[in-house]
Amino acid sequence: MFSYHRTQKLIQISRFVHSFPCKSKPEFLCSASFVARFNADCKQRNNEPLFPVASFIGVNHRRNYSDISKNDTPPKKPRSLPQLMDFPELIWPSVVKSVKNWIMVHFIIRPYFDREFNLPDFIRGAKQALQIVSASLAGGELKNLEGLVDRMVLNDLKSSIGKMSVAQRYDLMINKEDIYFSFPYQVGVMFDEEDEESQKRFVEITMVFHVLKGLKGMVERGEPIPLNIGVMPEYRDKISICNYRFIKEFTKGVESDWTINVVNHFKPSDFVDE
């Protein structure tokens, strides 16, 4: 009975956090500075739920195009790196989501789910997972990812990898020391309210990683890293962004590990001319 009432309290807290206005519609402009992107993100926010599963999967972050008739629409330039999964490209953090993430970690996850949970430690583990998954994707060895990546996701990845060239698959390989910027885009808690006996509960964290291939070597050679590296032509094609979503069950009495249910790699340079 105590566990049931405590879970109901968690659900009430979740709904309270959900009552905060959450707005996010990140827009990528490769030639703008980080501040410009950040301000544009803040100005173009619209309401978006936090806790329902749909909020993790179906968030629409597509850009708006000018109203041109279909006959006059120029053909789209093919991506240099095909999409691995049908998932919106997440690029920059949201101030409102960052506040919600802090509330989720310190007022729900740590007190009620895992007192030892630490976000910096989780991010370090997520980077290691990114390196392992990307290496297996590049080598076409998806069997090595069983238990780490969701089975349904593995089927999608197998189909996507099969359509890629050797060069495109090589582009998927990430060294964790080439990551120059990373952050949790969204932290969420999900409850199975229909099952009052088991009260299943899950934590889901969506991570965003910005990667510059060869960054580790540049640091080792003592080469200066320009602040505007993202808009410099000689580096632009070496930058990629990865979206990975991690999930773990925290139901009482259930032993569970973090698994990945979204894997996406894309190149910002593919969006420059869109």
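Colleague: How many helices and strands does the protein have?

Modeller: This is a predicted model, in which local features need pLDDT of at least 70, side-chain atom pairs count only at pLDDT 80 or more, and totals for chains, interfaces and linings use all residues. Residues are numbered from 1 along each chain as its sequence is written, and side-chain values use heavy atoms, with hydrogens and water left out. Helices (H or I, at least four residues) and strands (E, at least two) are DSSP runs numbered from the N terminus. The protein has nine helices and four strands.

Colleague: What is the mean pLDDT of the protein?

Modeller: pLDDT is the predictor's confidence in each residue, from 0 to 100. It is below 50 over residues 16-39 and under 50 over residues 41-70. Where pLDDT is low, the predicted coordinates should not be read in detail. Of the residues, 68% reach 70 or more, and the mean is 78.

Colleague: Which residue meets D171 in a salt bridge?

Modeller: A salt bridge requires a side-chain nitrogen of Lys or Arg within 4 Å of a carboxyl oxygen of Asp or Glu. For D171, the N to O distance is 3.9 Å and the partner is K267.

Colleague: Is K267 buried or exposed?

Modeller: The classes are buried (under 20% relative accessible area), exposed (over 50%) and partly exposed in between, with a 1.4 Å probe and protein chains only. K267 has a relative accessible area of 6% and is therefore buried.

Technical notes
Contact means heavy atoms within 4.5 Å.
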